[in-house]
2 protein chains.
Amino acid sequence: MTGTPKLVAHAIPGIPLIQADDDIVAIIINRAAEAGLHLRAGDALVISSKIVSKSKGRLVALDEVEPSADALALAAETSKDPRLVELVLRESSRVSRRRPGVLVTEHRLGLVSANAGVDQSNIEAGDDMALLLPLDPDGAAREYRAAIKRRLGIQVAVIVSDSHGRPFRVGNVGVAIGAAGLPTVKDLRGQRDLYGRMLEVTQVAYADLIASAAHLLCGEADEGLPAVLLRGLDLSAPHGCAADLNRAAEHDLYR
Amino acid sequence: MTGTPKLVAHAIPGIPLIQADDDIVAIIINRAAEAGLHLRAGDALVISSKIVSKSKGRLVALDEVEPSADALALAAETSKDPRLVELVLRESSRVSRRRPGVLVTEHRLGLVSANAGVDQSNIEAGDDMALLLPLDPDGAAREYRAAIKRRLGIQVAVIVSDSHGRPFRVGNVGVAIGAAGLPTVKDLRGQRDLYGRMLEVTQVAYADLIASAAHLLCGEADEGLPAVLLRGLDLSAPHGCAADLNRAAEHDLYR
């Protein structure tokens, strides 16, 4: 099988429930090593935004949230908890779509998604708490990449991943909301196809593909596998950040 | 590393340019075997819709296409070749968005995508020909799964993949437009999270995740790797088809 392009993805087992101020890089490296997985230069590490948020203290107690008049009205319209809607509005720059049971907004990070990523699954104390997205997921990815370099002396790519629904299609996919040390968008414009014809507009959402590949292993339910190691990616194109994956509003025909 | 959830993806090398009536299952099995990759029960095979279309004779000579008045008007509006626009309209049930350089339609298969998947890259004779999507990609996936069962006596999952742009985000991702022998949407509703809280709405677009993982290896430019073998997937949930991934128009807030 020499020479065959090959990709391997391992879920890192045994990562405990994460608390505020936990050093998740240390935890991931140690759990990986215990499972016989030793990070190498050129590997990519996909980390669920959920544990990034928890370690960075983004849990909010709902009984400390005072809904605004706007939140109360929108909560009535969408049949949602007004305190959750208040958090969604604080996280968002605008509402994209509303309907009973559905609230899609544009997050201040530029992501268009349900409930601005405010989440009540897989968090302690269930109904009384909500978890917000990390304040700066691209910054977190850079921080983790630097921490791995310091600890192990190697450069790995880091993706902070989230799970999004999307228009037109059923079901969630993985997306990269933070990234460091990899091409996030691969631009094939100017390359030629098999027949020598110039490719006109072909950009590949490389970091989203990686997040989706990792999503095959991490699951969303009770498996608790919030970190995946991928080996065999081609990271040679110019590196970018996850914000590069947000289409500018003026080029978007749907939001 | 025993017990660690692990996924391996291999691009199948050496697949030649495909012509109408080629037996692509035979070609893929043979090339895989020559590369030391022997299909096993439970593997998934992701096949680019492009070679499915070619083998099924979906190449169209543009000089045989007579643009309708609607196509001529839409071509002027979008700055596209009227013959291509005519093909797009024939393939589509409606236009979703139009703008100079952009034509997004709802394909009769239920896919909302640019140019109804009508493609001029990686096809012979370049500007004079266009390639349409397969007439029945779910049927093709079932056909290939059955052919592999006949030849090798094993059940593998088959996905016919395409590359789509999407609202809100830059770059293309892999999507499943045909599928057989796997869960295409995994429904986690009714499962409990790490803290015993019931997950409310969590559907995972499992077949799209697989198509995106394969997309990391197959590329879009001159690499010519139209088939990827994946090993280590959990295919135990109820099986579906790719059409299950199309959100019904009445539940879609964007088209």
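This note sets out numbered points on a predicted model.

1. Confidence. The predicted model scores ipTM 0.94 and pTM 0.95. Chain A has an average pLDDT of 91, and 89% of its residues score at least 70. Within chain A, the lowest confidence is found in strand β10 (residues 186-187), with a mean of 90, and the highest in helix α5 (residues 137-152), at 98.

2. An open sheet of 10 strands is formed with mixed pairing. Its order is β9(A)-β8(A)-β2(A)-β12(A)-β1(A)-β1(B)-β12(B)-β2(B)-β8(B)-β9(B). Which strands form the edges? They are β9 of chain A and β9 of chain B, each of which pairs on one side only. From one strand to the next, the twist averages 25°. In general, the strands of a sheet pair through backbone hydrogen bonds, in either a parallel or an antiparallel sense.

3. Is β9(A) enclosed or open? Because 8 of the 8 residues of β9(A) are buried, the strand is largely enclosed by the rest of the structure.

4. Pairing of β2 and β12 in chain A. Strand β2 of chain A (residues 44-48) is joined to β12(A) by 4 bridges, and the two run antiparallel. Val46(A) has Val228(A) as its bridge partner in β12(A).

5. Aromatic pairs. Over all chains, the count of aromatic pairs comes to 2. One of them consists of Phe168(A) and Tyr254(A), in an edge-to-face arrangement with 5.2 Å centre to centre and 75° between the planes. This pair links distant parts of the chain: Phe168(A) is in the loop between β8 (157-164) and β9 (173-180) of chain A, whereas Tyr254(A) is in the segment after β12 (227-231) of chain A, 86 residues apart. Phe168(A) and Tyr254(A) are both buried.

6. The pair in chain B. Phe168(B) and Tyr254(B) form an aromatic pair that is edge-to-face, with 5.2 Å centre to centre and 75° between the planes. Why does the pair tie together parts that are 86 residues apart in sequence? It does so because Phe168(B) lies in the loop between β8 (157-164) and β9 (173-180) of chain B, while Tyr254(B) lies in the segment after β12 (227-231) of chain B. Both of these residues, Phe168(B) and Tyr254(B), are buried.

7. Positive phi values in chain B. Phe168(B) has a positive phi of about 75° although it is not a glycine. With a relative accessibility of 6%, Phe168(B) counts as buried, the cut-off being under 20%. Asp21(B), likewise not a glycine, has a positive phi near 75°. Asp21(B) lies in the loop between β1 (6-11) and α1 (24-34) of chain B. Is Asp21(B) buried or exposed? At 71% relative accessibility, Asp21(B) counts as exposed, since the cut-off for that class is over 50%.

8. Charges over rings. In chain A, the charged end of Lys186(A) sits over the ring of Tyr206(A), at 3.9 Å from its centre. In chain B, Lys186(B) lies over the face of Tyr206(B), with 3.9 Å to the ring centre.

9. Cysteines. How many disulfides are there over all chains? The count comes to 0 disulfides. Cys241(A), at 22% relative accessibility, counts as partly exposed. Cys241(B) also counts as partly exposed, at 23% relative accessibility.

10. Leu233(B) is found in the segment after β12 of chain B. Leu233(B) is buried, with a relative accessible area of 13%, which is under the 20% cut-off. Leu233(B) and Lys6(B) are 227 residues apart along the chain, and their C-alpha atoms are separated by 8.3 Å.

Definitions and conventions:
Residues are numbered from 1 along each chain as its sequence is written. Chains are lettered from A and ligands numbered from 1 in the order in which they are written. This is a predicted model: local features need pLDDT of at least 70, side-chain atom pairs count only at pLDDT 80 or more; totals for chains, interfaces and linings use all residues. Side-chain values use heavy atoms; hydrogens and water are left out. Rings of Phe, Tyr and Trp (its six-membered ring) pair if their centres lie within 6.5 Å; planes under 30 degrees apart count as stacked, over 60 as edge-to-face and the rest as tilted. Buried means under 20% relative accessible area, exposed over 50%, partly exposed in between (1.4 Å probe, protein chains only). A charge sits over a ring if NZ of Lys or CZ of Arg is within 6 Å of the ring centre and within 35 degrees of the ring normal. A disulfide is a pair of cysteine sulfur atoms within 2.5 Å. pLDDT is the predictor's confidence in each residue, from 0 to 100. Two strands pair if DSSP finds at least two bridges between them. Axes are lines fitted to C-alpha atoms, for helices over the stretch in contact, and angles run from 0 to 180 degrees between N-to-C directions.
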